[in-house]
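Please read them with the structure open.

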Amino acid sequence: MKSVLFTTLFLAATSIFAQETPNATVQDTIKKPKTNELQEVTISQQRKFMKIESDKTTIAVKDNAMLSTGNAYDAVKKLPGVIASPTGGLSLNGKGVTIYIDGAPSTLTGTDLQNYLSSLPANAIEKVELVYNPGAAYDANASGSVINLVTSSKRLKGVNASFNINYNFNKYQKPSPQILLNGKEKNLSWQTMIGYNYIDSEQRSTNGQTFTSFDPDKFINQDRLTVATNRNLYARLGTNYKLTSKSNLLFNYNATFSNDRNVFDGKTTGSEIPDYLNDGINKTKSSNHEISLQFKTKLDTIGRTLDVTAFTNTFNQDPNTLTNAVENNVSSFNNFRNNFALLNYYLKYDFAIPFEKIGLSLNTGGKFNTIKVENTGFYNLNSATTDVIDFDYKETNLAFYTEVRKKFKKLNLTAGLRYEDFNVNRIGMVDATRTNIDFKNRNLFPNFSALYEFTDNINISTSYSRKISQPSYSVLDPNGGNFDQYNTSTGNLLLNPSFYDNFELKMSAFQYVQIGANYTVAQDHNLFIFNAEPGETVSTQTFQQFDRFKTFTAYANFPIPLDYFFKGKEAFQKRMTNIDKMNYIFFNVTYIKNVTDGYNFSFESKPIWNYAAQAQIMLPWDIKSYMNYFILPAGGVWEIYKIKKDIQQFDISFNKDFWNKKLKVGVHAFDVFNQNEINALISSTNLQTKFYKKDDSRTFRISLTYNFGNLKIDKENTTINTEKVESGGSLVK
C-alpha cells in the first residue's frame, strides 16, 4: 500500500513537468538545435518557479513576490539548499559559495559582499542559477559552488516605466522607493533603475565566555545592542545594441552610494572583573562603481560563437568609530577610522566550436584580472598617540581553459582542464612587524562529469572537480578593529590558499525532482573562530587554518502538487500546463556532516539537518499566497558552531494584480513567530563561548508596483545568444 501511494505521489508531482506546450521548447532546444541560429534556454511562461538540470538549478525571482520584494541577500537565503552561517556566509548543499553577477565573479568579500547584496534590490534579478559543481569555464577560485545572479533583461518596445515602493515596518520604519525605465528603439534596447533604501534595524548579541587557561576558569558575560541605520542610493544602467544580425554590444553601469550608522551599547560582567560599560557610534560611507562591456557574436551558421567581456569596478569605504567606556568609574575611549579602496580589472573571452557530425562540442577561453586593495587604519586608544596599520593586497590571475563534451547515445561525457596562474602579494602587520608575503602558484584544475539518460525526463550524473580558494582580503586584513579591552577582531595575514576536491552523484527527474550527495575534502581550510591567548581574558575574532576539513552532504528536492489531492485529477490536469496557477509545496531536505582533522572540539561533531518548504496557494478573488518555512534543528555542528536551539523562520505573502496587471499589491510578513535566532556553542583554543544573536527579523511589508506603457515584450529581440558548455552537458545562456 505504501509503495502504491508513493508511486502515485511521485507521478503526480512530476507529471506537471512532463507536459510540453508550444512555447515551452527547452527540451526541443537541447535535443534538436538548429544550425542557423543559437537557441536560448529559458524559464517559459508556464514554468515560473524552478527548473532543475544536471549541473544547475534555475530559480525565477522576478515573478515570485516572496523573493522579489526584498533585497538580493534575503532572496538568496530563501533558495533551496542555501544555508546562511552564523557569521553571514552562504553555503549551497553544504559547500562554500562564490557569488557571480551576470556571469562575472564579484570581487567583494565578507561583510562588504553581504552589504552589497543587501543594497541590491531583488526585483533587479530575473533569475538565480545555482551551479553545484562548476566546470572549467568557471574560475578555479571557487571553493565548491556558484550562485549566479542574472539581472533583468526584458526589452519592451517604446518607452516604459515601473514605479515600486516597499514599505517595511516593525519597531522601525523602512521605506524603499524605486523607479524603472526601459525600452527599445530599432536596434537599441536599454534599461535604467534608480532607487533608495532607508532601513533601520537592531541586533542583540550576547557572549558567555569561559577562559580555560586559568585555574580555576574565569568567566565573563557580554551583552551588546546595536541599532543600525542603512541608507543607500543605487543606479543601474544597461544597454544592448544589435550591431549586425549576428553580433551584439552590451554596456552596463551600476553605482551604489551608502551612508550607514551603527549606534551600540554594551556591558561586560564576570568573575574577578569590575562591571565594564561601553557605548559608541560607527559611521561608514562607501561607494561602488561597476562598468562592463560585452561583445557577443555568432561567427558562422554552424554554431561557432565568441563572447568577450571587459569589466572593472571600484569600491571605496570610510568607516569611523568612536567608543566611550567606563570601568571603575574611570572613562576611556577607542577612536579609529579606516581608508579602504579596491580596484579590479577583468577581461575574459569564451569561444564555442560545435562538431555536430561527430556529436562533440568544444569550448575554450581565457581571462586576466587584477585586484588591488589598500586599507589604512588609524587607531587612537585613550591616548594622544595614533597607531597606524597599513594593509596592501594585490592579486593578478591569468587563466585558460578547455572543455569538451561528447555524447554516446544516452551517455553524455564532459571533460575540462583549467590552467590558473596566481600571483598574490600581501603587506601588513604580524606581531607588530610589517611583513611582506608573496604567493605564486601555477596549477591545473581538472573536471570530469558523466550523465546517463534513462529516459527523456530522468537522468543520473556524477562529477569531480578540483578548485582553489585564495584567502580574500577580508580575512587577511589585520585592520579588524579593537571593540574594547575584552574583544578584538583581526584578519590573519599568514593564511594559505585552500584546495578542494569535490565529488558529486545526483539523479534528476522531470526538471523539478532531485536527489543527490556530494563529498568535499578541503586542505588548509580557513574558518572564522574565537581565540584567547593564555593568561588573558580577551576574546579575539579571527580566521584559522585547518589542515583537513571534510564535508559530506545529501539532499533531496521534490514538489507536492496539492491540486491533485484537493481538487481532483480533472482540475489538476487543467492547471498543470501553467504552474503559475497551481497550488503546490516544494520541499528541500539537506543533511550535512563536517569532520575537522587535527583539531579537538569539546563536543561531538554531529550532522546538521535542514528542512525547507516553499508553497504557492491560489486564494479566492485571484489572490496568490506564497509561504516559506525552514528549520535547522538543534544538536548539529555547523563548521565550529554547535547549534543549541532550533533555528527557524516562517514567512507568508499575499499578492493581487489590478487593472490588467498594471498595479501589483502585496502584503508580506517575515519571521511571523519571531523564532529566527542563533544559539550556539563555540569551541576554540583557551576559550569556550556561548554565542547568541538575534536580529529584528519579524518584519511586515507592503509593496506597490505600478507599470506604465506597453507591457508586451517586443518579439524582435536584440540579443544574440551564445552557447556555453557546463559540466554535465547542459546548455546555458
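1. Start with Arg418 and Glu420. Their side chains meet in a salt bridge, at 2.6 Å from N to O. Both residues are buried. Keep in mind that this is a predicted model.

2. A salt bridge joins Arg418 to Asp139, with the closest N and O atoms 3.1 Å apart. This pair links distant parts of the chain, 279 residues apart. Arg418 sits in strand S19 (residues 411-430), while Asp139 sits in the loop between strand S7 (125-131) and strand S8 (145-151).

3. How buried is this pair? Arg418 has a relative accessible area of 4%. Asp139 has 7% relative accessibility. The cut-off for buried is under 20%, so Arg418 and Asp139 both count as buried.

4. The wider setting deserves a look. Asp139, Lys367, Arg418 and Glu420 are linked in a network of salt bridges. The count for the model comes to 17 salt bridges.

5. Compare the pair Arg204 and Asp223. Their side chains form a salt bridge at 2.7 Å, N to O. Arg204 is in strand S11 and Asp223 in strand S12, 19 residues apart. Arg204 is partly exposed, at 33% relative accessibility. Asp223 is also partly exposed, at 29%.

6. Phe163, Ile179, Leu181, Ile194, Tyr196, Leu233, Phe257 and Phe708 make a nonpolar surface patch of about 670 Å². Strand S10 (173-185) and strand S11 (188-211) each give two or more residues to this patch. Leu233 belongs to strand S12 (residues 218-244). Leu233 is partly exposed, with 41% relative accessibility.

7. Next, Asp651 in strand S32 (residues 647-658). Asp651 is buried, at 1% relative accessibility. Its side chain makes a polar contact with the side chain of Gln649, at 2.9 Å. A polar atom of the Asp651 side chain also lies 2.7 Å from the backbone nitrogen of Asp671.

8. What else does Asp651 touch, leaving out residues up to four places away in sequence? The list is Met66, Lys78, Tyr626, Met627, Asn628, Ala669, Phe670 and Asp671. Thr699 is 48 residues from Asp651 in sequence, and their C-alpha atoms are 9.5 Å apart.

9. Last, Gln470. This residue lies in the loop between strand S21 (458-469) and helix H6 (473-476). Gln470 is buried, with a relative accessible area of 6%. Beyond neighbours within four places in sequence, Gln470 contacts Asn141, Phe422, Val424, Phe439 and Pro497.

Methods
Residues are numbered from 1 along each chain as its sequence is written. This is a predicted model: local features need pLDDT of at least 70, side-chain atom pairs count only at pLDDT 80 or more; totals for chains, interfaces and linings use all residues. Side-chain values use heavy atoms; hydrogens and water are left out. Helices (H or I, at least four residues) and strands (E, at least two) are DSSP runs, numbered from the N terminus. Buried means under 20% relative accessible area, exposed over 50%, partly exposed in between (1.4 Å probe, protein chains only). Contact means heavy atoms within 4.5 Å. Patches are made of residues with over 30% relative accessible area and no salt bridge: like charges are joined within 9 Å, nonpolar side chains (Val, Leu, Ile, Met, Phe, Trp, Tyr) within 5 Å. Accessible areas come from the Shrake-Rupley method with a 1.4 Å probe; for residues, only the protein chains shown count as cover. A salt bridge is a side-chain nitrogen of Lys or Arg within 4 Å of a carboxyl oxygen of Asp or Glu. A polar contact is a pair of N or O atoms within 3.5 Å; within protein, one must be able to donate a hydrogen and the other to accept it, and residues adjacent in sequence count only if both atoms are side-chain atoms.
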